[in-house]
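This report covers helix packing, a chain interface and salt bridges. The sequence and structure come first.

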Amino acid sequence: MSWIDIGALDDIPPRGARLVRTGKGCVAVFRTGADEVFALDDACPHKGGPLSEGIVHGTSVTCPLHNRIFDFATGAAQGADSEVTRTYPAKIEAGRVLLDLSRLSGRSAA
Amino acid sequence: MEKLVVIGAGMASGRVLEHLFDAAPGAFDVTLFNAEPRGNYNRIMLSPVLSGEKSAEEIVTHDADWYARHGVATRFGERVTAIDPARKVVTGENGEVPYDKLVIATGAAPFIVPLPGHDLPGVIGFRDMEDTGAMIAAAATPGATAVVIGGGLLGLEAAAALRLRGMEVTVLHNSGHLMNRQLDEAAGYLLEKDLARRGIKVITRAGTERIDGDGKVEKVVLGDGTEIAASLVVMSAGIRPRAGLGMAAGLAAGRAITVDAQMRTSDPDIFAVGECVEFEGNLFGLVAPLYDQARVLAKTLLGEEDAFVMRELSTKLKVTGCDLFSAGDFAEGEGREDIVFRDPARGIYKRLVIEADRLLGAVMYGDTADANWFFGLIKDGTDISEMRETLIFGPAFQGGGGPSADPLAAVAALPPEAEICGCNGVCKGTIVTAINGGAQTLETVKAQTKASASCGTCTGLVEQVLAVTLGAAFEAGGAKPVCGCTELTHEDVRRLIKARELKSQAAVWQELGWTTKDGCHVCRPAINYYLLADWPLEYRDDPQSRFVNERNHANIQKDGTYSVMPRMWGGMTTPEELLAIAAAAKKYDAAVKVTGGQRIDLLGVKKEDLPAIWKDLNDAGMVSGHAYTKGLRTVKTCVGSDWCRFGTQDSTGLGIKLEKRLWGSWTPHKVKLAVSGCPRNCAEATCKDVGIVCVDSGYQIGVAGAAGMDVKETERLVDVATEEEAIEWSTAFIQLYRENAKYLDRPYKWVAKVGLGWVKEILSDAAERRALNARFDVSQSVYQTDPWAALVTEEERKSWSSPLMDMSREAAE
């Protein structure tokens, strides 16, 4: 695990998201209503919709383009939809959001 | 356990399995072959998938989980090549499977008319998911054109769906009128006119000669030499049973595999069901008899008594907005009489065919509300001599009660054995039993009885049965819960938010017993709206409960860019504004589109550029056009008495005043207005949510028009003499709508539910109008602000869309 400090929890709106831009595409960092953080690829595997712009509810987000719902913990779409988006380990320490993006290295540049 | 092998996973065999697993779970060890690489889906809903009104996922009837739960070994995507009745073995592409009992459900194939060129790429039937996918792909090419050969039920559904996807569509039909097997000439004519209005060209008596093209379809040539360009040709000239497998196995067959009333073939252990069978010389294509066959076959397999009988069939066309119905026999003949009703203005045609005091057939177009009642009379052979004079007006006009406009009364009068759902053969009694047994919503009735579960055209009728049975406990059309987070309907929630003074989302979740922590993407935007509309001063709008467009004050496009549209008051602009718009379009590399709402749309703007383009437009004196909101959109006007020879009033001026009063307000759905300066109606005011037509004596205010998914003329709310009154009434109407309508109901839908009479009654009270205007003012004091101007400093504009962290340069190095 290699944790990176990406910013303060308060920089992310509750039930909202902010982006971390990388050389291999954007990662969406979500904050739930209960102040948990999760990180997902910011591209819906269906049509590339920006998940960071979706409505956050419970521990999932609804893609703004076609309403696919992704679970933060698994990255899997709900119901009959079979897509899975990549998740990244995320945690909060002393009000700071830490992200482990080591899985990014295996990914081709988007 | 007995080994049951089923060949074909279509609607008929799917229903057989449902019956088997319901009645005797575990009685059979089932292997299911399907040549299509998937399980059972609702094939008759392919047309809505083609049109985009439904997704492929939505029409799946059995998913992998269902098959697993019932222990079905699925061999999808595998063709069966042979049946050996002597060894009782089925041979698939991947090997043999032995059976004790075999069900052949191989269905039918579209009939490809053997015209020259029928084998060119681009010529397809309309039968399965692959065909549907191919058509959707073909429609995606700009300028693509389609020819549909065959103007029957399926062909027309395909044509309408392709048209909805933007294709130029021509329907070629060999007979003299469309759907000639189900409709008479008059109804066929109305249908043709309706399709023409949707931009679908119909050629009857077409005499198609050949299909031409170099390596792929390019055109269709008719007998008279007419050439029609086509990149896609859909063959929809009927179906042919797929009976080859059964015939090769030596089973008795005519045009299809012969079965007896127990669905048994000439081999005692082999059964057949669906479109691949022939029963007493009849072939099958509609779903209702297939389901009857499925029920009988399941009983036969379980050793119970049942027999398949032919019954009367009825037809409805699943094209949104085209209401037609036909049933029974409506050919002319000796001793037959017609009763015909026509209302050309409304495009309504009804014809009843009567023989010896019995109703033999019925054709209706434009108004099919009473179709099921007539269908019942046909099936039951009811003696109609007593009601003959008023028969054509339907059930509401029968009996001693005199005319009644209440559709519920008609449903209440139906006997228990009246059929409600034609697809699944569900009668009223079955539904009432289910309701009394606890099924109190449309969804549960659907799940328990299958009523309205197939083509869905009887949904309204099922809701009416619910309403009649449950009385006040059921609100017709509104009984669906908001979403999966609650059992409450939108109407309940609105009422409770007001009555219990719930002023925050948390209060709603808690007091109304939400089952989720903070709602979902369906309920949150609705609740956010209800709260801000009812408590403008107490509740604070929550951007995180808004759809992306309303959060980013711009419309997201399919590629993730946005469109930006400044307001043009009443459709008026200036050279200075146009220069600023042109400069912005160049600076941010935007495509420029003139909209139907008399404004200019800048498309393709990147999210990070939004604050800057807003500032540029703000600096030129323009504000957000709110083209992205459930709120006040545009007020379209004509030039009116300022310029026009015919103008009676200053329609532009009134439009501008209305827009300045109403802009910025949030509403349950988008709201569009128009003001026309005279009855020539150049601003198309009579299909708007609120449309004003100026006349010499003043202003005619119409409301509840529509020109989207539905097209509907406005209904007259009131005529007033002055501009001030026109503005006061319009505002009061919109505030009443804001306070009462269900989220995502346009005004025309809301008015249809509450009735224009109720709206008029409230608004005709001057004190009530003043109070509504006052409450609107309070709301505007909070919400009439330009979101584009909210970012004041350069710093704010920069950070608005900046990433939390940018590691892209790091990673690149």
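## Helix packing in chain B

Helix 14 (residues 490-499) of chain B packs against helix 16 (residues 523-534) of chain B at an angle of about 35°, and their axes are 10 Å apart. Axes are lines fitted to C-alpha atoms, for helices over the stretch in contact, with angles running from 0 to 180 degrees between N-to-C directions. Helices are DSSP runs (H or I, at least four residues) and strands likewise (E, at least two), numbered from the N terminus. The crossing of helix 14 of chain B and helix 16 of chain B is right-handed, that is, the near helix is turned clockwise from the far one by less than a right angle.

In helix 14 of chain B, His490(B), Val493(B), Arg494(B), Ile497(B) and Lys498(B) meet residues of helix 16 of chain B, among them Ala526(B), Ile527(B), Tyr529(B) and Asp534(B). Contact means heavy atoms within 4.5 Å. The residues of this contact divide into eight nonpolar, one polar and three charged. Nonpolar covers Ala, Val, Leu, Ile, Met, Phe, Trp, Tyr, Cys and Pro; charged covers Asp, Glu, Lys and Arg; the others, Gly among them, are polar.

## Basis of the values

The model is predicted: local features need pLDDT of at least 70 and side-chain atom pairs pLDDT 80 or more, while totals for chains, interfaces and linings use all residues. Residues are numbered from 1 along each chain as its sequence is written, chains are lettered from A and ligands numbered from 1 in the order in which they are written, and side-chain values use heavy atoms, without hydrogens and water.

## Interface of chain B and chain A

Chain B places 31 residues in contact with 34 residues of chain A. About 2,500 Å² is buried between the two chains, with carbon and sulfur atoms giving 56%; buried area is the accessible area (1.4 Å probe) lost on putting two parts together, summed over both. In chain B, His521(B), Gln544(B) and Leu804(B) lose the most area to chain A, together 29% of what that side buries.

Four salt bridges (a side-chain nitrogen of Lys or Arg within 4 Å of a carboxyl oxygen of Asp or Glu) are counted between chain B and chain A. Arg551(B) and Glu53(A) meet in a salt bridge (3.4 Å, N to O).

## Salt bridges overall

Over all chains, the count comes to 56 salt bridges. Lys101(B) and Asp269(B) form a salt bridge (3.7 Å, N to O). Lys101(B) lies in strand 7 of chain B and Asp269(B) in the loop between strand 18 and strand 19 of chain B, so the pair ties together parts 168 residues apart in sequence.
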